[in-house]
Amino acid sequence: MQLSESTLAVLKNFASIQPNVVLHEGNVVKTIAEAKNVMAVATLDQSFDKQVGIYNLDEFLSVLSLVDTPDLNFHDDFVTVQSGAGRSQVKYFYSDPSILTSPAKDIPMPEAEVNFTLSEDTLKKILRAAGALGHEKMTITATDGGVKLTVVDNTDATSNAFEIVVPGTVDSENFTFVMNIANLKLIGGDYEVAVSSRLISHFKNTSVDVEYFIALEKSSTYGE
């Protein structure tokens with residue numbers, strides 16, 4: 001089995017959320033952060049035929065780069081990664097899935113009061129602004145013509161801030177949702193975003209079959 005570019009991209013992204021992963025039979029891969037504030041689900045373009053536990057996903061991905069055109073053969077306790085020419089090989093042992101962090105159940109997304117479109121370009125601007133200003137939070141508020149995303153220190157009224165308006169709809173204009181920018185570990189692409197007053201958001205990639213459930217900060221307000 002050779003992992004496709006899209007599968008590798010998903011695994012690299014998931015490694016930024018959680019260092020380990022359990023690959024179940026089939027083509028659906030899930031991961032969840034240690035703090036349980038980010039969960040990601042992807043449907044791959046290829047399937048695994050057995051359950052595989054990987055303790056260090058970054059290490060595993062690095063192993064794949066040790067050989068040219070890596071071909072994976074999954075055995076009961078380990079996987080062999082062999083070069084396309086068959087001249088080199090790595091034997092990599094699985095980890096017990098019971099000691100790894102894996103989502104126990106799916107997250108039912110409640111009804112969302114705010115919906116907006118987040119382009120890849122806008123996300124990059126938000127991340128750059130957070131780095132330039134040294135801020136960790138992004139607020140989501142209503143504005144004329146859409147939804148306003150603001151990179152700001154929401155505990156400081158005199159904080160420097162970066163604002164950008166995105167297309168969207170709101171059920172009420174009386175809210176301030178707060179997100180930790182460090183949780184925006186999204187694979188590249190545009191997203192349809194739904195945000196609920198129950199302090200959960202849903203990011204759905206429009207070109208890759210991957211979605212993220214990201215918790216809001218407890219300082220968020222709605223209808224107050």
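**Note on the predicted model**

1. Overall make-up. The chain holds three helices and 17 strands. The model is a predicted one. Its C-alpha trace spans about 60 × 35 × 30 Å along the principal axes. Of the 224 residues in the chain, 46% are buried. Take the contacts between residues at least 6 apart in sequence: 58% of them join residues at least 24 apart.

2. The β5-β6 pairing. β6 covers residues 78-82. Four bridges link β5 and β6 in the antiparallel sense. For a place to start looking, take Asp-71: Gln-82 in β6 stands opposite Asp-71.

3. Helix on helix. α2 also packs with α1 (residues 5-15). Two numbers describe such a pair: the angle between the axes and the distance between them. For α1 and α2 the angle is about 145°, and the axes are 9 Å apart. The crossing of α1 and α2 is left-handed.

4. What makes that contact? From α1 come Leu-8, Leu-11, Lys-12, Phe-14 and Ala-15. From α2 come Leu-57, Asp-58, Leu-61 and Leu-64. By class, the contact of α1 with α2 has seven nonpolar residues, two charged ones and no polar ones.

5. The largest nonpolar core. This core has 60 residues. Which members touch the most other members? They are Phe-116, Leu-118, Ile-140, Leu-149, Phe-203 and Tyr-212.

6. Leu-118 in detail. Leave out residues up to four places away in sequence, and Leu-118 touches Leu-123, Ile-126, Leu-149, Gly-189, Asp-190, Tyr-191, Val-193 and Phe-203. Leu-149 and Phe-203 are on that contact list, and both are also among the core members that touch the most others.

7. A separate core. Another core, of five residues, lies apart from the largest one. Its members include Met-39, Val-41, Ile-200 and Phe-213.

Technical notes: Residues numbered from 1 in each chain as written. Predicted model: local features only at pLDDT ≥ 70, side-chain atom pairs only at ≥ 80, totals over all residues. Heavy atoms only, no water. Pairing = 2+ DSSP bridges. Helix = DSSP H or I, 4+ residues; strand = E, 2+ residues; numbered from the N terminus. Core = buried A, V, L, I, M, F, W, Y, C linked by side-chain atoms within 4.5 Å. Buried < 20%, exposed > 50% of the residue type's maximum accessible area, 1.4 Å probe, protein only. Contact = heavy atoms within 4.5 Å. Axes fitted to C-alpha atoms, helices over the stretch in contact; angles between N-to-C directions. Left-handed = near helix turned anticlockwise from the far one by under 90°. Nonpolar A, V, L, I, M, F, W, Y, C, P; charged D, E, K, R; others polar.
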